[in-house]
Each structure stands twice: as structure tokens, then as C-alpha cells.
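This report describes chain contacts and selected local features of a structure. The sequence and coordinates are shown first.

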Amino acid sequence: MKQVVTLTVNGENCQALAEPRHTLLELLRDGLGLTGTKEGCGDGNCGACTVLLDGRPVNSCLVLALEAQGREVVTVEGLARNGALHPLQQALIDHGAIQCGFCTPGLVMAAYALLRDNPHPAEPEVRMAIAGNLCRCTGYDKVVRAIMAVG
Amino acid sequence: MKAFEYAAPRTLNEAVSLLAGAGPAARPLAGGTDLLPQMRYRRIQPPLVVDVKGVPELRRLEYAGDGLHIGAAVPLSDIASHPDVLRLYPVIAASCGLVGSVQIRNRGTLGGNLCNAVPSADTVPGLMCLGARAVLAGPSGRREVAVEEVCIGPGETVLGTGEMLVEVVVSPPPQGSAASYLRFTPRQEMDIAVAGVASLLTVDGQGLISRARVALAAVAPTPLRARRAEEVLEGQRLTEELIGRAAGEAAGECRPISDVRGSADYRRHLVAVLARRTLKANMQALGMAL
Amino acid sequence: MSAKFIGERLPRVDAPDRVTGRAVYAADIHLPGMLHGRVLRSPHAHARIKRIDFTKALALEGVKAVVTSADLPPMTGEPILVRGEIELNLNHIRQVALAQDKVLFHGQAVAAVAATDPHTAEDALELIEVDYEPLPAVLDAEEAMRQDAPLIHPDQYTHTHEGNLDRPSNIAATYTFGRGDVEEGFREADVVVEDTFRTRVVHQGYLEPSAAVAQVEPNGHITVWASTQGNFSLRGQLASVLEVPSSRIKVVPVEVGGGFGGKLNTLLELPAVLLSRKTGRPVKLVMSREEVLRATYPAPATVITVKAGATREGSLTAIYMRAVFDAGAFPIAPVVAAYFTGLAPYKVPHLKFEGCEVVTNKPKIGALRAPGAPQASFAVESQMDLLAEKLSIDPLELRRRNAAEEGDPPPVGRPFNRIGLQPLLEQVARHPAWTAPLKGTHRGRGLALAFWPGAIMPSSCHLTLQDDGSFSLVLGSVDLTGTRTVMLQVAAQELGMDPSQIRVSVGDTDSVGHTEVSGGSRITYTMSAAVHRACMNMLEQLRERAAAELEVDAGELEYEAGTFRSRTSPEKQLSLADLGRQSLRRGGPVTATGTTTRLQSAPAFAAHVVDVEVDPETGQVKVLKYTAFQDVGKAVNPTQVEGQIQGGAVQGLGWALMEGYQFSDSGVLQNATMLDYKTPTATDVPFIDAVIVEVPASDGPYGIRGVGEAPIVPPLPALANAIHQATGVRLRELPMSPEAVFMALQKARG
């Protein structure tokens, strides 16, 4: 049976219908049309679906849509302001850290949370913070450099 | 995922009666990091999922006079970064900080890590060493069991139908003690223990070990106390040789299987290596030289 | 014209969309009335399908259709589709997409369901009844080669250079190549080494699970959005299997979340089209990660023996290679590539190769970055180090003494045109990655080489002058690795325009000429030639038009930065904006196409140096430092070139240290999650130092060579060589997991 879920997504109040078996990822992608967040594995092992739930990076494939009732969600679509990219997004572009881009939305959210809590992370801190975000294209080199360059 | 009913009670009584009313297949949901993949792969098909995160007792994380209270639904990242946990129970902070990734730790809970009853649960050996107790609530009231008695087999616990974990309580650590947990994984992060060892040493004024605890992960159907290793250590003065003997005992006590993550022989060997390393780390933490 | 844009670190034009979540991948497509499909998969590794009954599934509310291979037309045409260097057997590909009569591996698609939502479709799978008659499965290639092994294809006769053998066999084909007389060569050698090396099935590990959307219109026209490396190749495969004209199928480009060779063959598109045809509604199919790991096109397991001989002075005299490739459920494996890639770096007078491909009850293998080369080089480069050790010659020096040069014969084919192996090795010899001493215990440094010939195949583009003097450039190739950006650089260079004046996009299969798959490290090389030609052709046309407008001789006009100007009367000038406007009044719109079919090969070599530290108690290998040298001919965009090298190196590191399929005795993949099929995380690797060497290729514009394939190759042997130096233990089997390293150490300790 579908239920109404009311939540805040990228600062806007939203409502969507969801079955208990729908994940937050499905709610975002199919219910709200926010397809920026990706599903890479569906069991929490790749991080492509990372969003901020009440400010914390989580795998949205491991959150039920109904659990998001009344919560605040930020997705990759929510970082740019008035068309201006977030400095992290700009740094990823400038450093050539984007290849196929499928891991990028989740990686951006994980790195965003890191930089918010730790504006000048050292290399090991960056690597730890994005260890839950698998990337197969870049070898992480330019990704780590880009994140460090934002600080 | 098979269709199911979802409930999000606000009180413990409500949660217990929902679970009890739906029968043994119903599942409490805390972080969901283990439960949801199992449901997704249709390995389990609970008719009812009870989200217990709204129950206040389960969100408690506090160091009180009688020790540390960790509510069953507190995310691992909260535990790993809590100042009192870092100060007084570094082994708990460290083992909670090892599970999965940042994203997993922001959802996954200590209650889930324990009640999911996988042999590889990183947080459990440290709790076993500290003599932690699990507070359970069920249709016939509350009871307390030692954390080391909660798991009885892979995926199996002592929890009865309708019974759920409320919190884990850890007494204040004894004076002159140190504990640590190490696990071995092929990847540095985002991985699951091939073997894990926690140990705790309490050393008296004479430099003798008054209490030793060694607990193992991923090398038996449940997390396991290595009692013979503890006996080897207790009453003795720590030496390189003694550490070696205790580590050897621990390796002898484990009952690993061979699977995709490692062979039984390799796991047994890792237990010895990790036991030695945790004991040495404890020595160092106690400011003792070998 | 000054080199203004070639060699620039232009940011990728598609990056803003990817970093904001706006980029559209196949699974992001949503169409009105769209249905969602799921695929039923075989629970057996080998079984006959006796009956499929989906009445109960169809009765479930929300379920709209079920399809099986019975919905495909019988295969009447020629099953072999030859696409440049790639050969596809459509009869096999269609059976991987939907099993027919038999299932040949666990996870093979048996039926597909379309329903109003994916959960209902999944519920319906449980209601499909399939009767299987299990057959004995054979999972190991060497066992499958035995005469008493269960036959997977009873009608398969071993194909040899001398024709087919007369008894059915799991050995699909054998290959022999060589030159000189290896026995003579081994007699001339002072040292001979011989060992056998084994690798497991590994997966490309692209982050985006396979996905496809199909829409079949009432008139039979088919539109497909798919995660594919080749829109035209996909169209050709669908047209052949569905027996409809190519002109009735349109493949619309979407962004692709990684392929690495794994998205060349059609998989979900066939059931998606069939379901759409049956329901009259668009249908989307998306794989789970488990399906990706169990039932797509991973890279083959191999058993490769290399016997190599050299003189005391370190001259190679002979190499013999024997390669067994496990093709999985259907043949076609890169057996010959093992020979020509593994041995290409060296001058060797006597060579002999014996290879075969064998079918087993495992997923059909496909391409993965430099197909065949990593497995071969793991064996060859390990043996080169062993020879160096036995001869007491520095491993780099031994390689330099035997390194191939222009004019040398490769293992097969014509003599090398210009190649950069010797200059590359000179760079290594001077670089601190190789010369700086490695301090500390349990540490070792490893070196290994790689070769990739570079694929060619057709490429097309369309260039249009817009009415305001700006340009539109439409490419036929899927942009996997930054093609739009690099081709923008080429067009900006040749047209003398600012990149902001040129829009580059990927066209659908109706809007641009046939372009083969994005793979084989070929796109930058061949497409830049096509774009170069289109630009030249465009400027020629514009010059004629400008001459007519200005009433001067075309030869009198010079062109610079968007303006034609008379050399003799400079006041006579015409801008592209003028020409664009006038084209709508006189002469008509100006368009140009650029195509390439054949170019000379542009062979690429790489050399990697890695430092490791091994924990002797656990066998854990820590990668301390990694430096990848590669001759890229000309780096059109050095940032992207580095990215390719770094990504390839880390993919190779994963293959070397942690990746590998583990099957149960009944053929069920045991590590079908990303937790247990381990690929490197950010914490498992250091920065990868990419050193670009530029020795221009003989053909094509700017001296470009392909980049993408070679970097995955050297990590396998380089790690083995480094581990050997650190521990004295030589690993001949992948992955070199902590347990494998530890067990080898234990064995060595006795």
C-alpha cells in the first residue's frame, strides 16, 4: 500500500507516494524525478547513491522511503546555487576528476560532508572519507587532489 | 524486495507488541544496512518491519554512573566520535569506526551489528572483552544477558519472538586496563573481517595481569571468547614469550570455516597474528615495556 | 597554424552535467506509459530447458508481458557479424540475452517480464515455472579439454588453421603461430626459464549496471536508449537478430557509466524490444549488481606457459608461449592477442605460439581493456624478471637490450612503423621512480612493460556551419572517455575558432555516419582524423564561397581565426558569420562529413614501476608508490591522458591483488557483490604518477596514439615482480591476495 511521504529535498518541501519496500533512492529517482543520484550496487557497497540525510552522508539504497518522513535530504542536484557550481564541483571539473561520472554524484556528497566538517583534510582523511565511494575510471588520483584543493 | 508492512512506533511497549503480534518473521529495523540487503536479495521476507529508531531508549548514548549506555539504534558514527567513548572505551570507538564506510557507519548501529549475529561483527569482540551486557525487552518484560551470550549461531540470537535489544551497557573500565581490537581485511576500508581479535588486559601494581580477555571475530559460528588464551595470560607478567603462547592458544581455540573470504588455516594464523598485535598494543597503552 | 588547442588541458565539456547530476544515463530515461522489466535467470550452470510456463506470472496484477527466446525469429542469416577487428557471433549473443533450449551458465537469462513497476516484475519472476533437466557442468578449462569431459555444445568441432577436427570438443579453436625455430633458439640460450601462470575471471567493474530502454512503435520502428559502447554496433546486432532493416532501428545516445569493453554486446536490449513489441509501451530494463557480476561479459580466465631463453649477454634467443583461454559458455576469446601483445615488446629471433579457447559452463567472456594482454604480460614479464635474475642483469637493462624498434617484426603482421619503446625505457632509466633507492625491509620494486596495437575501425562525424558562423560537430562515437572534449580541441584547432563557438555532440544512429564501437583505444586516433578531414573539407567549401562572394581567386584567400582575407587586397575579407548568413540566401547550408576507415596502426607501449611493502605475517601487499610511463604519441589533452593511465593502472592493481571470480563446484559465483568481488577503494592505492612520453605515430593527425588499453596491463606482472623482490617469493597465480602471498611465503619458509 502506498503512503504519502513528506520530506525536505534540497531545501524544498516535497511529497511523494511510496510503498514500504521502496527505498529513499527510488523515491528520489522515480518519485521526485531526481535522477542525479545513482544506483551502482543496491546493497551499500559502492556509494553511488550517497545523499545527505539530516546532514549526514548515507547510502540512499539502504534507507526506506518511509524512513525519510519529515527528514531533510540533500542530493547532488542541491549543491549548485543559482546556477553557480559549488567550489567542490568546480574543483572536480578543473582537476579532471570526472570520467564516466556515474560515481560522481555520490562522491560529491561524501566529499561535501567531509569538507564541511574538515575544511582542510589531509590526503589520508580524504581517502578515508571517500572509501565508501567506488570509482573505476579515475584511480582516485585526480579525485583526491581535487578535494584537497578545495580546502 | 517482497512487499511488507512498515511501522514506526514511538515507545518501547508499542515496538514490542508490534513485533510480538507479527510473529517470529517480523524484523526490527535500526540502521538497515544489513537488513535491507537481505530483504533485497529475498533471503528474508519479513511480513512486518518495525522501525525502532523513534523509540527514545534506543537512541540513548550516555556515560552514566553505572557505565556506558549505548542504545540499540545509535549509529556507529555517533559512538565512534563520542568524547566519553573515545576517552574511556577506545576499543569501542575504534571497532565502531571500522565497520563499512562513512555512509554505513552513519546508518548502521551497534544493536544491528550485534543482533544480526554475523560471526564477523567487528563491534562485538571488544564488547565481550569489556563484559558488556545486553538489555532486552520482550512481551514478558525486560531481561539482561551478557553480550557474549547473545549470538548462538550465524544469524541466530537468544532473542525470543517479539523480543528486541534496547541497549548495551558497559561497566566503567577497571583501573590499569587497556583494550584494543584489530581485524584483517584485504581492502583497507569497506571490507569485512577475515579474522578479528579484541583483547583486554588489566595489570595490577606489581605488573601482573589480573584480568585478561580475548575475543575473536569471523573464526567461529559466533564471536568467540578465547578462554584458554585468557588463562595463559592471567596472573602472569607480560613477556614476548607469553604473548606468543596466548596468541597460539587463541589460534587453537577458534573454529574457522573456509569460504570466499579466506581459508580456515589462514584465518587461524591471522588470529595468532592479530592476538599478538592487540596484546602488544595494550601493553603500549598501559605504558609498559616488554 | 599555431598549435593552440592540441595539448591543452581543456576541462571536459560534459563534466558540469556529470557533477550536478544532470547527465542522463540509460536508467534515468523515463517515458510516458513506460513499463519496467526484470529478467529470470538460470539457477543451473548447465541444464536443458524442458518447459517454461508463465501463465501465473501473467495473471499477477500489473504484469503486462513475458518474453522468452521463442519470441525471437529463428536465426536464418549469417551468424557472424564482422565489425572491423571485432567478430561477433550473433547466434551466441542472442542466447546469452535469452537462453534457447539449454542454459549454459548460472545466471543466464531465461525469460523477461514487463510490469507497471520493477517490484511487481520481480514478484512475477517467482511465478514463472521452468522445468530444467540438469546436465553435468564443467567449470575448469583444462578439465573441459579432456576427451571425457561433458560436451557443452555437442555440435562444436575444434576449429584449426587446417580446418575443423572431426570429433566434437569443448575446445572451440586452436591457433599456432611462430617464426624461426624455437628449439634452435633454446639450444643457443645460456639460460632457459619455463613456468605456467594462471589468472581468474575478472569483471570490468563499471559502476553503471547495464540498462536499456526500448520503444517499439505501431509501425514497427524501434528506438533504443542503452548503456552501450557502440550505438551502431548495437543497432547492427539488433537488426540481425530481430531480422529488421537497420533503418528501422534508432539508437539514441545516452551517457555511459563505464564500459571498459564490457558493454559491446547486446544484453538487455533484446528482451526490452520484445517486451515493448508485445505491450506497445516503452520498457526499461536495469540490471542489479548481482546480475552484472553473474551474467554479463567478464574477462577470461587463462593458463599461460612461457618458456624463454637468453644468452649470457642478455639477448633473447627464443620464446615459446602456450595459452589456454577459458571462453565461458560460448567461444571467441582473445587467444591470439595474448601472443601478439605479450611478446611485442621484444626482438626475439625464434617464436612459437600454441593457443586454444575452451568453452565451460561459466558466463561468456567479453572484452576488458586490452583483451588478452594483461594475462599474457603477467606471464611474459614475470619470466623476463626471472631471466634477469638468473643472468644477474638489471631487469630494465635486460628489457632495453631486447626492446623492439621501428622496422622490427612484431609477433604477427607487418614490421613496426614508428614506435617509442626505446625512448620510453630511456625515460624510465633516468626517472627517480627507478633510480631512487628503495629503503626499508620487506619492500620491493617491480617493473613491467605493455603493448597495445590500437584498434582502427570506421569513424564518422558531421560538421555544420550555423547561420551565425558558429559550428555544430556531431560525432558517431559513444563518448566514454571524453571524446567530445578532445574532438572539440581538434575542431577548434583546425577551424581556428574559439571552443565556445563549436558545439560537439554525439549523434543518434539516424543522424551521422556509421561509427564503430568506442573501444580498443581507437577513438581519439581515428575520430580526430575524421574530424580533421571534416574541418579541411569545410574550410575548402567556405574558401570557394568566400572567393565567389569577394570576387577573388580562391587561392588568393588566407584564412585565420574565422575570417577569409585576400592576400593582395586585405580590405577584401569575409567572416564565417557573413558566410553563415549568406549560405541561407545563396549556395545553401554548408555541411561537411569526415570519415575514416583505414589508418596505419599506431602502436603504444607502456612501462610501469611500482614499490610495495609486504607484511610477512599476513601477506598484505601495500602499494607505496606507482609510476606509469606511456608513449601516447601526442597527448591532445594531457589531463585526460593522465586520467586514462591512472584509472587503467588502478584497475590493473585490483586485478593483480584482489579481484577474481570464485565459483562453487556447481558453477555458482560465490562473490557476486561488490563487497566480495573486491575492487580497489581510495584507501588501497597511492597517487599514480603518470609520465607522458610523446613519440609521434606514423599516421593520423598530430602523431596521436591510443591511450586507454595499455595501462591495465603492466600492474599484474609489475606487482608480481615487486612482491618477488620484497619477499623472494614468486607468485604465478592471480589475484595475489594477502592469503595467496602468505601461503606462498609459508611454503618458501618450509
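Is B:Thr185 buried or exposed? B:Thr185 is buried, with a relative accessible area of 6%, where buried means under 20% relative accessible area, exposed over 50% and partly exposed in between, computed with a 1.4 Å probe on protein chains only.

The model is predicted, so local features need pLDDT of at least 70 and side-chain atom pairs count only at pLDDT 80 or more, while totals for chains, interfaces and linings use all residues. Residues are numbered from 1 along each chain as its sequence is written, chains are lettered from A and ligands numbered from 1 in the order in which they are written, and side-chain values use heavy atoms, with hydrogens and water left out.

**Surroundings of B:Thr185**

B:Thr185 lies in the loop between β11 (177-184) and β12 (195-203) of chain B; helices (H or I, at least four residues) and strands (E, at least two) are DSSP runs numbered from the N terminus. Its side chain reaches the backbone oxygen of B:Arg187 at 2.5 Å. Leaving aside residues up to four places away in sequence, B:Thr185 touches B:Asp191, B:Ile192, B:Ala193 and C:Gln620, contact being heavy atoms within 4.5 Å.

**Interfaces with chain C**

The size of an interface is often given as the accessible area lost when the parts come together. In the table, buried area is the accessible area (1.4 Å probe) that two parts lose on being put together, summed over both.

| Chains | Buried area | Share on carbon and sulfur atoms |
|---|---|---|
| B and C | about 2400 Å² | 48% |
| A and C | about 4000 Å² | 58% |

Between chain B and chain C, 26 residues of chain B are in contact with 26 residues of chain C. On the side of chain B, B:Arg187, B:Val260 and B:Tyr266 lose the most area to chain C, together 28% of what that side buries. The rule finds nine salt bridges across this interface, a salt bridge being a side-chain nitrogen of Lys or Arg within 4 Å of a carboxyl oxygen of Asp or Glu. C:Asp123 and B:Arg42 form a salt bridge, their closest N and O atoms lying 2.7 Å apart. Helix α11 (residues 264-285) of chain B gives the most to the side that touches chain C, with seven residues.

Between chain A and chain C, 49 residues of chain A are in contact with 50 residues of chain C. The count of salt bridges here is five. C:Asp28 forms a salt bridge with A:Lys38, with the closest N and O atoms 2.4 Å apart. The elements that give two or more residues to the side of chain A touching chain C are α1 (24-31), α2, α3, α4 (123-129) and α5 of chain A. Helix α5(A) gives the most, with five residues.

**Helix α2 of chain A**

In helix α2 (residues 87-94) of chain A, the buried residues are A:Leu88, A:Gln89, A:Ala91, A:Leu92 and A:Ile93. They pack against α3 (104-117) and α5 (141-150) of chain A together with α1 (15-20) of chain C. Just after α2(A), A:Gly96 takes a positive phi of about 70°.

**Chain C as a whole**

Chain C comprises 20 helices and 30 strands. Its radius of gyration is 27 Å, close to the 27 Å that the globule rule gives for 750 residues, so chain C is as compact as a globular protein of that length; the radius is taken over C-alpha atoms, and the rule is 2.2 Å times the number of residues to the power 0.38. Buried residues make up 66% of the 750 residues in chain C.

Notes
A polar contact is a pair of N or O atoms within 3.5 Å; within protein, one must be able to donate a hydrogen and the other to accept it, and residues adjacent in sequence count only if both atoms are side-chain atoms.
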